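This briefing concerns a ligand site and the pocket around it. The sequence and structure are shown first, followed by the findings grouped by topic.

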Amino acid sequence: MSYDDNNIFAKILRSEISCKKIYEDNFVLSFYDINPQKKIHALIIPKGKYIDLDDFSQKASSEEIVGLIKGINIVAKKLGMSVDTGKGYRALANISEHGGQEVPHLHFHLFGGENVGKMVE
Ligand code: 5GP
């Protein structure tokens, strides 16, 4: 499967569709999910064209990988849900069909602001 340039997150990266931006740097863009499942529901995506976490792990540069992982921490801190708040949060990536991935551009969901409950229903 090749990367689909017309997926919704590719359009957000090109500013063709707006988003409620939380954070941006050279490696990542973070914004609020349009259909929040928890009190805080943020998304963070790499700027590069990666379909899912497997694709990213295989093809991304070390800088991009570090950039995404560090970006998660930066966004969690910005939203007041990092471990230093004593509360924490959940970072989750759905991968392909069995993982329930709908948008084919790698993204992590960051859920928090409350106890987010059981991991798998
Ligand atoms: P997935 O199921 O692929 O892991 O999650 C895709 C997420 O993207 C869903 O939680 C969905 O609500 C969110 N989403 C889909 N379209 C848009 C959009 O246009 N803007 C934003 N901010 N989120 C979107």
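A molecule is said to sit in a pocket if more than half of its atoms lie within 2 Å of the grid points of that pocket. By this criterion, the ligand sits in the largest pocket. The model is predicted.

**The largest pocket**

- The volume of the largest pocket is about 720 Å³.
- Its lining comprises 29 residues, of which Asp-33, Asn-35, Gln-37, His-41 and His-109 are the closest to the centre of the pocket.
- Two or more lining residues come from each of helix H1 (8-13), strand E2 (28-32), strand E3 (40-46), strand E4 (90-92) and strand E5 (108-112).
- Helix H1 provides the largest share of this lining, with 3 residues.
- By class, the lining of the largest pocket consists of 14 nonpolar, 8 polar and 7 charged residues.

**The shell around the ligand**

- The ligand is surrounded by 16 residues, and the closest are Asp-33, Asn-94, Glu-102, His-107 and His-109.
- At least two residues of the shell come from each of H1 and E2.
- H1 gives the largest share of the shell, 3 residues, and likewise the largest share of the pocket lining.
- The shell divides into 8 nonpolar, 6 polar and 2 charged residues.

- A polar backbone atom of Tyr-32 lies 2.9 Å from a nitrogen atom of the ligand.
- In the side chain of His-107, an N or O atom is 2.8 Å from an oxygen atom of the ligand.
- His-109 places a polar side-chain atom 2.8 Å from an oxygen atom of the ligand.
- On its own, the ligand has 520 Å² of accessible area, and the protein covers 84% of that area.

Terms used. Residues are numbered from 1 along each chain as its sequence is written. This is a predicted model: local features need pLDDT of at least 70, side-chain atom pairs count only at pLDDT 80 or more; totals for chains, interfaces and linings use all residues. Side-chain values use heavy atoms; hydrogens and water are left out. On a 1 Å grid over the protein atoms alone, a cavity is a set of points where a 1.4 Å probe fits but cannot get out, and a pocket is an open set with protein on both sides within 12 Å along at least five of seven lines; lining residues have an atom within 4 Å of a point. Grid points are joined across faces, edges and corners, and a volume is the space filled by probe spheres set on the points. Helices (H or I, at least four residues) and strands (E, at least two) are DSSP runs, numbered from the N terminus. Ala, Val, Leu, Ile, Met, Phe, Trp, Tyr, Cys and Pro count as nonpolar, Asp, Glu, Lys and Arg as charged, and the others, Gly among them, as polar. A residue is near a molecule or strand if one of its heavy atoms lies within 4 Å of it. A polar contact is a pair of N or O atoms within 3.5 Å; within protein, one must be able to donate a hydrogen and the other to accept it, and residues adjacent in sequence count only if both atoms are side-chain atoms. Accessible areas come from the Shrake-Rupley method with a 1.4 Å probe; for residues, only the protein chains shown count as cover.
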